[in-house]
Amino acid sequence: MDAIITVENLQAFYVLEVMGERKVIKAVNGVDFAVLRDEVYGIAGESGCGKTTLLKAIFAALEPPLRIFEGKVYYYPNGERVDAFSLAGEARRKLRWTYISYIPQGSMSVFNPVKRLRITFLDFLKSHVGGKREEELLTLAREHLVRLGLTPQVLNGYPHQLSGGMRQRVAIALATLLKPRVILADEPTTALDVVAQRAVLQLLRDVQKEFRSTIIVVTHDMGIHAQITDRMAIMYAGRIVEEGLTKDIFARPLHPYTRYLIQSLPKVGDKNTKESAPGSPPSLLYLPPGCSFHPRCSEVMEHCVQEIPPLKKINESHWVACWMREG
Amino acid sequence: MEALRELFRDYRFAVGFVFLVLLAALAFLSFFSPYDPVRWLQVPRDEPPSWKHILGTNAKGQDVFWEATFAIRNSLVVALIAGLVSRVVAVLVGFLAGYKGGVVDRVLMGVADGLLVIPLFLILVLVAMLLREAMTIVNTGLLLAFFGWAWDARTIRAQILSLREREFTQTSLLSGNSTLSLVSKEYVPFTIPLIFSTLISNIAWAIGMEIVLAILGLVRLEIPTLGTMLQWAITRQAMLLGHWWWIATPLALTVILLVALYWLSVSVSEYLDPRMRIQRIGAR
Amino acid sequence: MTVILETKGVSKVFSLGSWLSRVHLVAVDRVSLQIRQAEIFTLAGESGCGKTTTARMILGFELPTTGEIFYRGKRIDEFRDRKAWFQEVQAVFQNPFETFNPLRKVESYFFETVFNYHLRKDVKAAQALIEEKLQAVGLSFQDVAGKYPAEFSGGQLQRASIARALLTNPSLLVADEPVSMVDASLRMSIVNLFRTLRDSFGVSVVYITHDLATAYYVSDRIAIMFRGNIVEMGGVEEVLGAPKHPYTKLLLESIPEPDPERRQEKAMVFLEEREEYLRRGCKFAGRCPEKEEICSREAPQEVMVGGVFVRCHKHAR
Amino acid sequence: MRFVRDYLIPRLVQYVLVIFFGITAVFLIPRFTGQDPVLEIIAQIQTQGGSLDPIAVRKLTETLQELYGLRGTLWEQYVNMWRRVFHLDFGPSLFQFPTPVSELLRIYLPWTIGLFATSTLLAWLLGNVLGGIAGYFSSQSWSKILDAVIMVIRPVPHYIFGVLLLILFAYVWALFPAGGLMLGRRTVVDLRFVMIILRYSFLPALTLVVLGGAGWFQQMKLLVQNVRREDFVQYAQAGGVKERVIISRYVMRNAMLPQITQLALVLGQVFSGVLMVEMVFSYPGMGLLLYRAVTRGDYNLVMGIAILSIFTITTAVLLLDLLYPLLDPRIRHR
Amino acid sequence: MNMKWFWAIVIGCLFISGVAFAQLPAGIPREETLIADQLSGRVGTPGNFNLWAGWRWQDRGIQQLLLEPLWTVDYATGEIIPGLASGMPEYNEDFTQMTIRLRQGVYWSDGVPLTADDVVYTIDLHVRNAELPYHGPMAEFVEKVEKIDDYTVSVHLKRANSRFHSHFLDRWGCLRIMPKHVFEKVDNPITYEFNPPVGCGPYVLYDYDPAGFWTLWERREDWDRTPTGMLYGKPQPKYVIIQGFESEEARILAQLRHELDMAQHTPEGLKVVLEKSDTVRAWRREWPWVVNIDPCITGIMFNNLVEPYNNREVRWALTLAIDIVEYMAIAFDSMAPVSPIHLPPVPAYKEAFFTPLEEWLKGFTLDLGNGETFQPYDPEVPFKIAESAKKRGYPVPEDPAMIRDLFGMGWWKYAPEVAEKLLKKNGFSRGEDGKWRLPDGSPWKIDIVADVNVASHPLRNATAAAEQWRKFGIEVTVSPTEARETMILKGEFAVCDQWPAAEPWGAGVDLSRTFDPWHSRLLTPIGKSVALGPGGAARWCDPRLDQIIGEMEVTDPFTAVERTKQLGIEALKILIQEMPTIPTYGYCGAVAWDEYYWTNWPGAENPYTQPYQHWPNLKYMLPFLKSQKK
């Protein structure tokens, strides 16, 4: 196995002091998985299931109140295993954008609003590439954009002059500027219209093909996962409840939650009534006992209320955490 | 009360608040002063601090401590009048200009800009001279209030402009709210931190301005304020004569007052900052 | 079927940019459409196509630069006041967390609506009415009471937003991208609501979206907008079942199919919004796969093809 | 050209109106202060020992009124004032008769620009840079100490701070002069000249820079603490952009924007602090000139300074408004 | 910040502070220079020396160093010093002609000799030119001026005036002689800048600050061709700088740094320099240090046309409500001499008026009605003041003569009960709160229109009076206002802190200058500006005084000395009886001299001349200074 990121029993909680009371939000509550070289890995789940936190932890961007309670995240730059949390300031800074980079959720405000994009690109380049003149770096940036099918003209503009879709694509270009091994994409298509979504997906696919990068895509939209990911995990309330090859998951969803996610998707030409999963995702502050999904599950059993189901291997590449699949 | 308890967890708020309470208590003490603050030769002159006169006495034959109680009271009154009255104007103008837009906005902001552009100090001195006999505590406060609203009205307007674009404005309209209740219900919670912080900076400004006017002798000098206390101490050379207690007292009170206000302002704005409030609500 | 709302040649012009580079955009260009009693009418298109501006003009938040809007034959600016108009038409917005002031309790909007429109006299009766509407969207007063927006999930809050809009028993509900900010898994619960409203309460819904899948699922008629123009309009089955305008085809193709076996591999051209707005001739010409010489020269006229309005040179002949 | 019609013209109209009303106010207010500059002069001659009899007083009054342009009704004076304004002629100073106001402005303007404009800008720069850095590293102890020191210094009145500096640097350690710049008309501009001026201006400038800078510092610190939380800053940090670049180009640059607007407006408000400093250090500048003019009812001089100041500030604000899109490309004029 | 930057700044600061430590302009040796403070502050018209056209900051050296008048008063010695004139003015029998004899051998600083032509030209020009401030008296009186010979001028007057010469008698300004050869070439003598200036004084202009802070004068090579040189010898300082300060602190520090030889401070400032410097001395070497021989009297002025101050008994009641001991403590820290009459207690006047009046004062009686009387004079006041000063910790001399010298001859008793009777007699009453009510029953409020300069004597008087009257039960406010002069001249006040009477000449026994403003023909209604300030602003007159003034006009102050004095005494008695204004204490100057570079200042122990640096007489002091070459 050629892992590029491994996550081992990760527990990342937010610890808040509210009105003199200590509150723990169990955003990532014991997650294990490995992302392989040269694949697009999807993480699906509703808002508030902890998927963004998981990305932050993978990116080793830990600012209070987020704290790691247990577990490790490993990087594999140049083939050796590195504990991401133990990286010191400068070492971590150097790995960023060269080994691992990050596509933000909304690109609305991630660019310096008062500088032309050229400057922003140069800032990122200069901080990682030494010994080059500004002109050379700018050429690098231009070539990169061209390779991704974007017009280098955007560099001369200001961020607010771009449409949402364009801005998101420029953000992707920025994130891939230094050909990182791993790209984390947090809801890269949310708030974009379908046409722009398509453009972004197209770009991500191109990036992956071009640079052989590993992409970890986090989104609640199963359509996106279907379109782009090779393997995916379904997250619910801070845990992975199902993991497998994307095509397997869409073909044979094992977890009731996964089924809801897939079946509720409307299709043109299909006017049959579709239902969402009933109820709302649970608060990460007050998790229900046992399987977190049991209050919304149509197949709930007594066992589900009492004990948390472990992630079980169903076949070579398909795992699920549900008492229904027990035995 | 919940809010207060939470605010007190911030040492800046706690210290600022305690300072302010102490100063207010000091101001309140003035009602029990054994001396008439206007009268001279009440006590032996130029005496350094002692048990009898804990902050010494000045060259006018006044007990510096008791004089300071009046000074802080009067200065607080001036600053509060200036701050509150100008707040009312600033809020009204800011909200009106921001919400109504168009001609109303142009006219109001024109007036505000006009006030900002004319060298304020020139007008202040001119008016202070004109009013000299009438430069009582209240009038000084009102005068400062008159010149203190323009900038803040602009800031408030800017915020209203951005709030006006937010969707909940429309929800509120759809809920049948009138303009007045829309503004008061939807915008006030967002502008309160701003209003509060401008209030505090305006109060600080008014205190500073009162001192400037007093040092120039443009207010009624027999009424003790922080400014007139400094003015007397300066003109009677308390500094060079080594009567440090006379000048240090109003100076220290000014510094403490403004530091307390600054801390309160920083702390409360942080507390009232919508982002933080939303976070707190979300974390419940 | 009765037409309850009609726009006649409504346009809206914005000027954008600083004085250093100022342009005037016709955000909405002579849009005429009709909304009938108890139907769900979808206004679809990518962002920046003018659909939100159209909705805002229908709601009266924005005044048309030219053109008129009629509600049951009456010009909407003739309504006695804002309130009288909003009793007839209500709205649901894209982001439920922005719909409600994050610093206020959600319930306050409900009570305000009840009392401002004099729907009920006392708190108890008001609460009963609110409960009724919340039940209709699958919530209860218990779920809402005392909570701030941040304490809801997106789906819940969006349903609450709809419930609030229903309080005045409006005839028309304008829903501006009501599900795009809601988790995909919860979208259907909201979309289904619109069906219920139409079927059970006879409410007309203007459903604004870029997602043709839900549009197809829920709506009766659809108008596809592109850069200020309606390029195709008609029954949803006709328009989406057999798209005539190349743009409609593009939109349909772009839906991310939830099927790993059917990936959109075809590359596509993208152009910036402003560039297209300022384009002469057919605004879609820049990325139209079926572009002809005339398209970049002349703006196409609206034609009726099989009960569907199309604005395309291809069909004009 | 809709820009011209919708934006530029209204803005220019506002500009002109502000100047018009400002100047009118400045014309009117001194005339209500109850001072009669002519009587003031006569009184001065009398109290200083000159003896005048009634005929002389009447004659002198008439003569002086004629000279000062104070004859005629208020309206005539007003019209006359505008006529003179357009010729940039503010008449002679009433109190420093017969020196023309324009001559006085010419003498004092270089000093004012030299010290007060410079120190205001310096205060702005220093305050913002330090405040920015301190705001970015607000959790570090040096930042906290600096903040505390500045917090205590800021409320100190200019007069007292100036005198303290004077006592410390001109008496206890006699490093700087106590005032009285000894440069006459015979001086040639050479290094020594520059040094003398620098030395003489050092303490007044220090007072203004420290007290003015303290205010900017506090504001900037708060602004930076907010900007630091913005997405684009956090993203740049995530992207491993060097901290120096983040501070200067991301944090400061954005936090600076409101400060720039403030600066133009603050220029009109510096008079009070400046006046105090001029008093303490016997510095020739506009503040004192204005104060004396106001207190002595020197209408012409008040008009001259006020018009200069109103014009400068209004123009600065207008230019800033027009140029602001260059500083903040997001700005859109509707 | 970068360390490099830090050090650059530190070094820069040191560099700036180290360079050119010498304060003075290049080539001006400090030890040959006298630096004096300019009382009137920074010059507003630095390039203009044309004193004849109006106020030009004359104490920047123009009157002290550059110009020489015909005559100068010296109040310290009580003498009149003939400057350009060789002796006193000579009148004819009926006072319609005055003859001026000029000193011979005097040259203008540009080498042109001074002659009768200059005098004739000056007077002629003033008669003709209405824009010149001295046009009034010249046009009113001068019929013809003629040159008798090169050194004799005869002025023919339109009507009798025994004091016409006073217009040429310099106290703090007079009509000084113009250099004809300069002015006759000038188109407009009003706008002419007179730069470089030409004078007959011992110094010429060397340089000045274009911003007006200082003026530098250089001793004339031919100082012996000036009256000063001829009278007193060579002025010692080669250079004199007259420098203005905007703040008391800067002035004090400059003196402590030996950068200021002569200065007039506030009493507090004086205390500081005396305390902090070993080389600074004051007029008196011991407490109370200050100059107490100034010819000004300070006090409180009423507007005698305003109710209730038009009532003599009200004025007297307010006088008796003052506890002068406390008053002096408040006003001037007990350091000034009180005066019960409208004259300053300078030595010359003490001898001429105070002593002769003392018995009369003791016997002076007020009628309180119902047959009650009260003798208000209290000769013990100086001793009471001495006692209070001693309590404050000041080293007060024991010698009674000295005490009377320092604190005055006496003042009015503190008699609130008498004041009460006087007021009640006039219909005043006390309210429930103990505050006074006017006869019409409304509260009695006094607003004292006051000077804005906190250090000034007028405001000090206002403050002290307010304090005393508040104690007495009247509501008093003090309103310092810049419009004070205007308001006072126009009579728009009830009570103010103006000098209670015009200063006398300061030499001789002629008090005409004090009484003239009160002649009934000058009585000005409220709203119109008075012609002769400050006394006239009180808007009071008395037929008895008219008569005395009339007689003075035809009495030669130089020859009929006894008669002049007698007239003065009679007039003073009327003023005391009527008390139109309240005199309190003689003006005191807190003068400090640094003995670091120059000594032999005219201190109290050796008052060879008046002590001020701003008076025209400074030029007569300079020849006596002794250099302490350092």
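Which residues in H8(D) meet which residues in H10(D)? I looked this up before anything else.

**Ground rules.** I worked on a predicted model, in which local features need pLDDT of at least 70 and side-chain atom pairs count only at pLDDT 80 or more, while totals for chains, interfaces and linings use all residues. Residues are numbered from 1 along each chain as its sequence is written, chains are lettered from A and ligands numbered from 1 in the order in which they are written, and side-chain values use heavy atoms, with hydrogens and water left out.

**Chain D, two helices.** I took helices (H or I, at least four residues) and strands (E, at least two) as DSSP runs, numbered from the N terminus. Contact means heavy atoms within 4.5 Å. From H8(D), I listed Trp216(D), Gln219(D), Met220(D), Leu223(D), Val224(D) and Val227(D). They meet Tyr250(D), Val251(D), Met252(D), Asn254(D), Ala255(D), Met256(D), Pro258(D), Gln259(D), Gln262(D), Leu263(D) and Val266(D) in H10(D). The residues of this contact divide into 13 nonpolar, four polar and no charged. Here Ala, Val, Leu, Ile, Met, Phe, Trp, Tyr, Cys and Pro count as nonpolar, Asp, Glu, Lys and Arg as charged, and the others, Gly among them, as polar. H8 (residues 191-227) and H10 (residues 243-266) of chain D pack at an angle of about 140°, with their axes 9 Å apart. Axes are lines fitted to C-alpha atoms, for helices over the stretch in contact, and angles run from 0 to 180 degrees between N-to-C directions.

**Chain E, sheet.** I found an open sheet of five strands with mixed pairing, in the order S22-S21-S23-S14-S24 (chain E). Strands pair if DSSP finds at least two bridges between them. At the edges are S22 (475-480) and S24 (581-586) of chain E, each pairing on one side only. S14 (residues 297-302) and S23 (residues 495-496) of chain E run antiparallel and are joined by two bridges. Met301(E) has Cys496(E) in S23(E) as its bridge partner. Helix H15 (residues 457-472) of chain E packs on this sheet, touching S14, S21, S22, S23 and S24 of chain E. The direction of H15 makes about 165° with that of S22(E).

**Chain B, one loop residue.** I located Thr225(B) in the loop between H9 (179-215) and H10 (226-235) of chain B. Is Thr225(B) buried or exposed? Thr225(B) is buried, with a relative accessible area of 3%; buried means under 20%, exposed over 50%, partly exposed in between (1.4 Å probe, protein chains only). Not counting residues up to four places away in sequence, Thr225(B) touches Ala71(B), Asn74(B), Ser75(B), Ile137(B) and Glu210(B).
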